[in-house]
Amino acid sequence: MLTAPPFDSVEGAYLALLRLTTEQPDYRIDARGNAAREVIGVSFRLADPRQRLTYLAERRANPVFQFAEALWYLAGRRDLEMIGYYSTSMRASSADGVRLGGSAYGHTLFSPIRGGRSQFDQVAELLLNETDSKRGYLPVFAAKELANLNNPDVACLAGLHLLLREGRLHMVCNMRANDLDCGLLSDVFSFTMIHEYAAIQLGLELGTYTHTIGSAHVNDTDAERVTRVLKEADSRSAPQSFPFPAMPRNTTTSTIADVLHHEHVLRTNRRGYSAGHIAGLDLDPYWQQAVLLFELYRQIQYGQTEACDPDVLAALDPGLRWLMEHKWPQFMVSSDGGSR
Ligand code: 5HM
């Protein structure tokens, strides 16, 4: 097959790539101290890019980080202060301890270029003016990133290609490198959120998402977890299935700013939010889900309670609740008093 193989959700693609890299690696590599098994030149397609979450108990995926990173990108940010709170490992990628470099993809995509329009705005205008354009490319990796051989943060995302065909917006993502166990899940989550956001801004239907990778690899340090994940997938009778809802059509940059206002209040622990308070916020229920996640994470980070507020947990969509219960089982106690 010459086109990317289709999957119903990112979970199927993730498992297939882990299997391929484990069972039939092209190479063993050891770049920058990371020994890994590698497969070169792979791709997959999601017919429904909203199916962007995996439900594997052994993987213990972190939905709080996934939403935080997607919002950090959508807001065009590059500060370590926000993203480092959700992922301490990202601190090592910052050259100055203040900002991220190449991996601040949203800053590259959404910031005005030399005081003018952003790359994203330019491509949006192009697509709406040139039928079937092939030029809607948003480059992220830049040649100048290789000028310093010790650059700690060279963009792994080469670029995102937007294609408007018959009223639908398709995205093709090109990654120079993807860590299949640690990077792929949050990358696909965030890039499909950018994809859906772009479709909304352009007034289009969401098309397919195609993910392509130059170096697809699993680091040896993650090999044991990968074995456990594959064993879980092989032994269960059926995958968990929680459909992910559509992003509201009225989402704009100011929606993202509003969500991030609440994120900031919670991240800095200025106050806590009850489930009732979040339900009363002037935000679509879809975005309230992100605020619920940030509130639960606040409770975990600031350790004011042993268990998180069961009402906040209960207000989460079932799929996000499932993920929180598997990521932080010790903090998640259901409203009937029992822990998972
Ligand atoms: O040495 P190099 O710059 O390629 O190392 C970056 C590592 O982070 C690679 O394993 C790459 O696949 C992974 N990565 C990822 O999978 C990094 C970023 C941040 O740019 C990302 N996805 N978004």
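**Entry 1: conventions.** I took helices (H or I, at least four residues) and strands (E, at least two) as DSSP runs, numbered from the N terminus. This is a predicted model: local features need pLDDT of at least 70, side-chain atom pairs count only at pLDDT 80 or more, and totals for chains, interfaces and linings use all residues. Residues are numbered from 1 along each chain as its sequence is written, and side-chain values use heavy atoms, with hydrogens and water left out.

**Entry 2: the ligand shell.** The list reads R32, S103, Y105, C156, R176, A177, N178, D179, G183, D187 and H217. Which element gives the largest share of this shell? I found strand β6 (residues 168–179), with four residues.

I then sorted the shell by class. Ala, Val, Leu, Ile, Met, Phe, Trp, Tyr, Cys and Pro count as nonpolar, Asp, Glu, Lys and Arg as charged, and the others, Gly among them, as polar. The tally is three nonpolar, four polar and four charged residues.

**Entry 3: ligand oxygens.** Next I looked up polar contacts. These are pairs of N or O atoms within 3.5 Å; within protein, one must be able to donate a hydrogen and the other to accept it, and residues adjacent in sequence count only if both atoms are side-chain atoms. The side chain of N178 puts an N or O atom 2.9 Å from a ligand oxygen. C156 uses its backbone: an N or O atom there lies 3.4 Å from an oxygen of the ligand. D179 also uses the backbone, with a polar atom 2.8 Å from a ligand oxygen. On its own the ligand has 510 Å² of accessible area, and the protein covers 75% of that. I note the method: Shrake-Rupley with a 1.4 Å probe, where for residues only the protein chains shown count as cover.

**Entry 4: N219, behind D179.** I followed D179 to its side chain, which has a polar contact of 3.3 Å with the side chain of N219. N219 sits in strand β7 (residues 205–219). Is N219 buried or exposed? The scale is: buried under 20% relative accessible area, exposed over 50%, partly exposed in between (1.4 Å probe, protein chains only). N219 has 13% relative accessibility, so I logged it as buried.

**Entry 5: the core.** A nonpolar core here is a set of buried Ala, Val, Leu, Ile, Met, Phe, Trp, Tyr and Cys residues joined through side-chain atoms within 4.5 Å. How many residues does the largest one have? I read 105, and F191 and F294 have the most contacts inside it. Helix α6 (residues 184–201) is the top contributor to this core, giving eleven residues. Domain 1 (6–235) and domain 2 (253–327) each supply at least three residues to this core. The domain bounds come from an automatic or database assignment.

I checked two residues with links to these elements. V188 is in helix α6, and its relative accessible area is 0%, so it is buried. V188 and D153 are 35 residues apart in sequence, with their C-alpha atoms 19 Å apart. H264, in helix α8, is partly exposed at 33%. From H264 to F294 I count 30 residues along the chain and 9.3 Å between C-alpha atoms.

**Entry 6: positive phi.** R60 has a phi of about 50°. It lies in the loop between β3 (34–46) and α2 (63–74), and at 38% relative accessibility it is partly exposed. N269 has a phi of about 60°. Its loop runs between α8 (253–267) and α9 (275–279). N269 is at 21%, so it too counts as partly exposed.

Entry 7: Y86 is in helix α3 (residues 80–86). Its relative accessible area is 6%, so it is buried. How far apart in space are Y86 and F65? I read 5.5 Å from C-alpha to C-alpha, across 21 residues of sequence. L20 belongs to helix α1 (residues 10–23). L20 is partly exposed at 29% relative accessibility. Its C-alpha atom is 18 Å from that of T54, 34 residues away along the chain.

Notes. Near = heavy atom within 4 Å.
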